[in-house]
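Notebook open, structure on screen.

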Amino acid sequence: METDVLGAPYERHTIDLGNDDEGPVVATLVRRRADRPSRRAVLHVHGFVDYFFQTHMADFFVERGWDFYALDLRKYGRSLLPHQTPNFTRSLTEYFPELDEAARIIREDDGHDQLLVTGHSTGGLITSLWAHARSGQGLIDGLFLNSPFFDFNLPWLIRRPLMSLVLAVSGRSPYRKMPTASLGLYGQSLHSEHHGEWTYDLAWKPILGFPVRMGWLDAIRRGQRRLRAGLAIDVPVLVACSERTFRGREWHEDARMADAVLDVDHITRWSPGLGPRVTIARFDGGMHDLTLSGKEVRTEVFRELGRWTDAFLPAPGTPDVEVPPAPEDRAGAAMVLEAAEAAVEHATSDEADDRSGTTA
């Protein structure tokens, strides 16, 4: 570990991932310890055109006694090397090795017993697929998805048959750029130099985003198809998103009060298929990254997240909740009690008779 670009108390560790067709590949694990030794940890995974800079999210968990970790995936943020195509991948499973290694470091090297994984947007899609693939291994204990990227925010005709046709034609050109509407409005809604309140590295998270490549588009499409077919994530999942989608093409203040990237109805449609224990929470006025919403909204987001973690991921050693017996169990217990009382009464009567006989 070395001091991170955010400065102390943030540290970072570079994970060597070998080479791909562009050369050496790394991922970066950022860590911030709680004030007191903790056996609980959070691992955060960012979205597309993103990296970890949301220190107020780390504050929230650290103040609640969790050690905080964030993973800048290969070719993102701290992990983006000069020879690489920003944010590019051919398959979402390419990210599994750094997720595996991050979880191993958190559990084995740093000694944590409990691990909550949080994923935003594309990170929510990636972590969902990874959590499904690692089900049954006891690797994570809970999953929080912040506006996960479960479907493209496009009309059905474009996101299904037309996209399939385009990718089939361009399948041999993975680095070819795909003409798209920019993410400029969302970027403007965030950064303090425009209409937002946040400051971050525009080289790693540019206002207009990075070009969308055919290979990346195909990787997302295949990952979404797998998710929509149904997953079997075996830990509690909290899915959170805004109440509304912003669909304007010109700047308007409403872009700071809704999801300006994804269709929130897609998120709520596909979330129940993640696994058997899924909670859905929607927030009026929430932005795409709910933790970057206006102060009142993000306060409510963190309040709900705190309630959910307390309920589904209690601290180790917390007594189990006492569950009242079902009516049929109470009836059975009453019959057993009556029988026991009758037996005691009968035994007492026999003892009395014995004493009476002895005295006579």
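I started with helix α3, residues 122-133, in this predicted model. I wanted to know whether its length makes sense: at 1.5 Å a residue, twelve residues should span 16 Å, and the end C-alpha atoms sit 17 Å apart, so the two agree.

Among the buried ones I noted Gly123, Leu125, Ile126 and Trp130. I then checked what these buried residues pack against, and found β4 (40-45), α2 (96-109), β6 (114-120), β7 (142-146) and α6 (214-228).

On to the sheet. I read off nine strands in an open sheet with mixed pairing, in the order β1-β2-β3-β5-β4-β6-β7-β10-β11. At the edges I found β1 (2-3) and β11 (278-283), each with pairing on one side only. I looked at β4 and β6 too: they run parallel and share six bridges. His44 faces Thr118 of β6 there. Helix α8 (295-312) also packs on the sheet, where I saw it touch β6, β7, β10 (237-242) and β11; its direction is at about 165° to that of β11.

Last stop, the nonpolar cores. The largest has 58 residues, and Leu43, Leu71, Trp216 and Leu274 touch the most other members. I picked Leu71 and, skipping neighbours within four places in sequence, found contacts including Ile15, Leu43, Val45 and Leu99. Apart from that core I noted another, of 26 residues, with Phe60, Leu238, Val301 and Phe302 among them.

Methods. Residues numbered from 1 in each chain as written. Predicted model: local features only at pLDDT ≥ 70, side-chain atom pairs only at ≥ 80, totals over all residues. Heavy atoms only, no water. Core = buried A, V, L, I, M, F, W, Y, C linked by side-chain atoms within 4.5 Å. Buried < 20%, exposed > 50% of the residue type's maximum accessible area, 1.4 Å probe, protein only. Contact = heavy atoms within 4.5 Å. Helix = DSSP H or I, 4+ residues; strand = E, 2+ residues; numbered from the N terminus. Expected span 1.5 Å × (residues − 1). Pairing = 2+ DSSP bridges. Axes fitted to C-alpha atoms, helices over the stretch in contact; angles between N-to-C directions.
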